[in-house]
Amino acid sequence: MDFTVSVLLGTFLLSIGALFIFIWSMSKGLFGDGVAAATEIFEPSELGMVEDPAATQAQKGRLQQAMRPSMDANQSMTVEDADSRVRADRSTSLVVGVCLTLAVIWLVLASFAGLISSIKLHSPDWWVQFEWLTFGRIRPIHLNLIGYGWCSLAGIGVAIWMIPRLLKTELVGAQYALLGGALWSIGVTAGIVAIATGHSDGLEWLEFPWQIDILLVVGGALVGFPLWLTLLQRKVKHLYVSVWYIAAGLLWFPILFLVANWPGLHFGVQEATMNWWFGHNVLGLWFTPLGLAASYYFIPKVLGKPIHSYNLSLLGFWSLAFFYSQVGGHHLIGGPVPSWLVTISIVQSMMMIIPVFAVAVNQHMTVLGNFRALNHSPTLRFIVLGAMMYTAASVQGSLEALRAVNAVTHFTHYTVAHAHLGLYGFFTMVMFGSIYFIMPRVMNWEWPYPKLISLHFWLVLVGFGIYFIWLTIGGWFQGLAMLDENTTFMQSVALTLPYLEARSIGGALMTLGHLVFALHFFAMGWKFGPKRLGATLLGTAWMTRLLGKGATA
Amino acid sequence: MSAGKSFWEMDELRLISGAMVILGLATGLLVVMPYLLLENVEPPAGLKAYSTQQLAGRQVYIANGCVYCHSQQPRDIKLAPDAKRGWGRASVAGDYAYDTPHLLGTMRTGPDLLNIGARQPSVDWHLGHLYQPRAYTPGSTMPPYAFLFEVRQGEAKPGEKVVNLPPSLAKPGQVVIAKPEALALVDYLISLDRTYPALAPLPVKQPASSKEQP
């Protein structure tokens with residue numbers, strides 16, 4: 001049989017076959033006890049009790065009212081449960097604090113790099129005297145600071161913090177993660193210097209020279225150690241959804257990065273297919289699993305209510321891994337690559353609707369009917385917004401892979417807007433929410449100025465709204481202009497200018513939001529603000545353990 | 001299945017092996033298969049290998065991130081009117097036989113450059129355009145690369161390449177000298193010329209199979 005046809009047919013039959021086995025076993029109830037597995041993140045005394053350390057006491061009261069008024073928000077779990085929870089949180093506080101602090105610093109630097117890049121696109125004669133500030137260097141600096149600095153370290157920090165809570169035991173081997181995080185950060189710093197001084201590898205997402213990549217491979221692998229060591233000690237019967245995503249992500253990343261950066265292995269067009277195998281997998285098999293792990297934990301945790309369907313999450317996980325890992329070729333539609341490869345990627349991009357639908361139904365059904373809770377929980381506001389953007393970004397991504405749409409959007413700013421919907425709208429929003437939840441536990445200190453959380457939220461939401469909407473429209477028009485042979489190329493450049501200026505305004509608001517966030521983060525780090533260590537933490541049982549009797553603030 | 005553990009119950013072993021098998025499958029499809037198919041692609045007869053100077057220029061292209069605005073992959077006329085813009089025929093795998101790292105690109109903030117050497121073979125044009133793009137292409141959003149040049153009051157030394165600027169940019173008593181990086185970059189840009197006829201896209205043994213492109 002023809003080679004192309006057999007590859008396509010084989011992949012197709014494999015996908016469909018796996019899907020049918022899956023649906024069949026689901027209908028036969030072979031998935032086991034979904035309810036027990038879904039409630040694994042709660043202590044028995046905790047179901048129905050809301051939790052949001054980022055909320056003020058009044059907010060938390062209203063949140064509990066919105067969810068289950070019969071329970072008292074200040075009622076607490078049993079002393080034993082609270083005690084083990086406190087020890088679990090304490091076992092991660094140092095390493096998580098370090099990772100998240102570094103992540104926030106990278107975020108601020110990356111925001112400025114992004115804003116400078118954005119302005120340079122419509123004002124090309126601005127700030128041109130320095131080599132390292134030229135667009136072709138500051139843009140990859142922005143991407144790498146965001147990808148490997150902010151997103152990766154925030155994702156790692158949040159994942160490590162969740163591990164003991166998911167496995168109900170203290171973190172084992174935190175020092176490996178600390179060492180891994182340090183190597184990783186040294187790698188990011190060195191990589192940024194390499195790009196700034198003109199030593200880029202030249203591949204998008206893979207700019208760091210291979211000597212520096214070793215630090216990220218070793219660091220990434222070391223960060224996974226505490227998970228494997230803690231898994232050996234686990235006290236839970238079922239592994240919760242978030243554990244699968246974290247474990248798979250921590251395994252996948254070092255392998256992806258190692259294969260992609262192996263010196264002298266890749267060549268010519270093959271390197272292009274590898275480039276987008278990596279470029280899409282770093283999103284699908286690294287950031288997305290970490291982001292979904294966080295939203296699968298925090299949405300039910302804040303609401304005090306288990307996820308809608310455990311079986312759907314199982315379907316979502318395996319289909320995400322299978323389909324997402326094969327979509328990279330859609331970046332090369334119309335390029336000089338084998339056509340079967342592009343076709344497979346387009347088909348699998350459409351199949352991505354399955355995992356996206358599974359996650360969307362699962363997470364949104366959990367929130368459905370409780371939307372009022374978003375008013376009262378700062379954590380939930382960011383995370384639910386992020387989960388919605390995940391659905392939007394994924395559906396948009398599937399459509400963009402279709403040849404007819406791709407012909408317009410490929411090579412334009414539309415794609416840039418889409419990339420930000422995924423990595424910013426989804427991932428970064430989920431990380432903001434997670435950090436707001438986590439940091440009070442890490443620091444034993446509440447967020448000093450709750451109003452700044454709202455300010456941060458609205459600045460980044462409005463800023464990103466402007467960014468995404470205008471850049472999407474501008475990019476689409478740019479693509480149409482480039483497809484029209486009667487329009488000169490320079491017209492396609494000129495028409496984007498007002499949209500690019502709008503993007504700079506949106507980007508400036510986002511940067512401002514990040515400054516507010518960083519300021520608040522460090523204000524908490526230095527324990528500014530009124531001492532309100534109280535009920536918004538773990539409740540009275542925990543307070544009693546920590547501060548002795550009669551301590552109610 | 002009654003003993004608590006179901007077939008689908010996630011445990012560490014299933015998770016790790018499943019995750020690895022799936023990654024292996026994707027790597028096989030998107031990395032290993034293209035590797036095997038493309039490793040024996042011969043450079044087309046019309047394609048010259050880069051000279052040392054051109055390779056140095058290619059490094060300048062990489063260092064300054066030209067790839068973030070310029071693609072090097074004209075698309076087929078059925079997909080986009082790239083050929084009608086003078087960007088050349090749809091490229092084939094053999095066109096990139098000497099291109100490591102690849103510079104296919106993902107953006108067209110600027111035009112495709114795979115055949116820029118055929119379109120614009122003038123060294124003076126390229127040097128001046130790199131020094132100030134808007135003096136040559138009104139409305140261009142390309143940054144000026146002043147750091148690839150040395151501006152000096154007085155005369156150029158022997159052996160130095162003086163950039164011939166248009167009257168709007170030239171200042172009396174001042175010379176603009178192209179640094180070696182600028183000369184190498186221009187040498188590379190002018191070498192970008194894939195206007196020779198393309199071979200079949202993939203010299204794979206496919207008896208009597210239909211091929212999409214001639």
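Guide: Two residues are in contact if their C-beta atoms, placed from the backbone, lie within 7 Å. The model discussed here is predicted.

Visitor: Which residue of chain A does Arg75(B) touch, not counting residues up to four places away in sequence?

Guide: Arg75(B) sits in the loop between helix 2 (52-63) and helix 3 (116-119) of chain B. Leaving out residues up to four places away in sequence, its contacts include Ala80(B), Asp82(B) and Ala90(B). The contact in chain A is Gly334(A).

Visitor: Is Arg75(B) buried or exposed?

Guide: A residue is buried if 20 or more other C-beta atoms lie within 10 Å of its own. Arg75(B) has 23 C-beta neighbours inside 10 Å, so Arg75(B) counts as buried.

Visitor: How far apart in space are Arg75(B) and Leu55(B)?

Guide: In sequence, 20 residues separate Arg75(B) from Leu55(B). From C-alpha to C-alpha, the distance in space is 25 Å.

Visitor: Which helix gives the largest share of the side of chain A that touches chain B?

Guide: In chain A, 70 residues are in contact with 69 residues of chain B. The chain A side has 39 nonpolar, 21 polar and 10 charged residues. Its largest share, nine residues, comes from helix 9 (residues 268-303) of chain A.

Visitor: Are helix 6 and helix 7 of chain A roughly parallel or roughly antiparallel?

Guide: The axes of helix 6 (residues 174-196) and helix 7 (residues 210-232) of chain A come within 7 Å and cross at roughly 155°. Angles over 145 degrees count as roughly antiparallel. Therefore helix 6 of chain A and helix 7 of chain A are roughly antiparallel.

Visitor: How many charged residues are in the contact of helix 6 with helix 7 of chain A?

Guide: The crossing of these two helices of chain A is left-handed. Residues of the contact of helix 6 with helix 7 of chain A include 17 nonpolar and six polar. As for charged residues, there are no charged ones.

Note on methods:
Residues are numbered from 1 along each chain as its sequence is written. Chains are lettered from A and ligands numbered from 1 in the order in which they are written. This is a predicted model: local features need pLDDT of at least 70, side-chain atom pairs count only at pLDDT 80 or more; totals for chains, interfaces and linings use all residues. Axes are lines fitted to C-alpha atoms, for helices over the stretch in contact, and angles run from 0 to 180 degrees between N-to-C directions. Helices (H or I, at least four residues) and strands (E, at least two) are DSSP runs, numbered from the N terminus. Angles under 35 degrees count as roughly parallel, over 145 as roughly antiparallel, 65 to 115 as roughly perpendicular and the rest as oblique. A crossing is left-handed if the near helix is turned anticlockwise from the far one by less than a right angle, and right-handed if clockwise. Ala, Val, Leu, Ile, Met, Phe, Trp, Tyr, Cys and Pro count as nonpolar, Asp, Glu, Lys and Arg as charged, and the others, Gly among them, as polar. A residue is buried if 20 or more other C-beta atoms lie within 10 Å of its own, exposed if 12 or fewer, and partly exposed in between; C-beta atoms are placed from the backbone.
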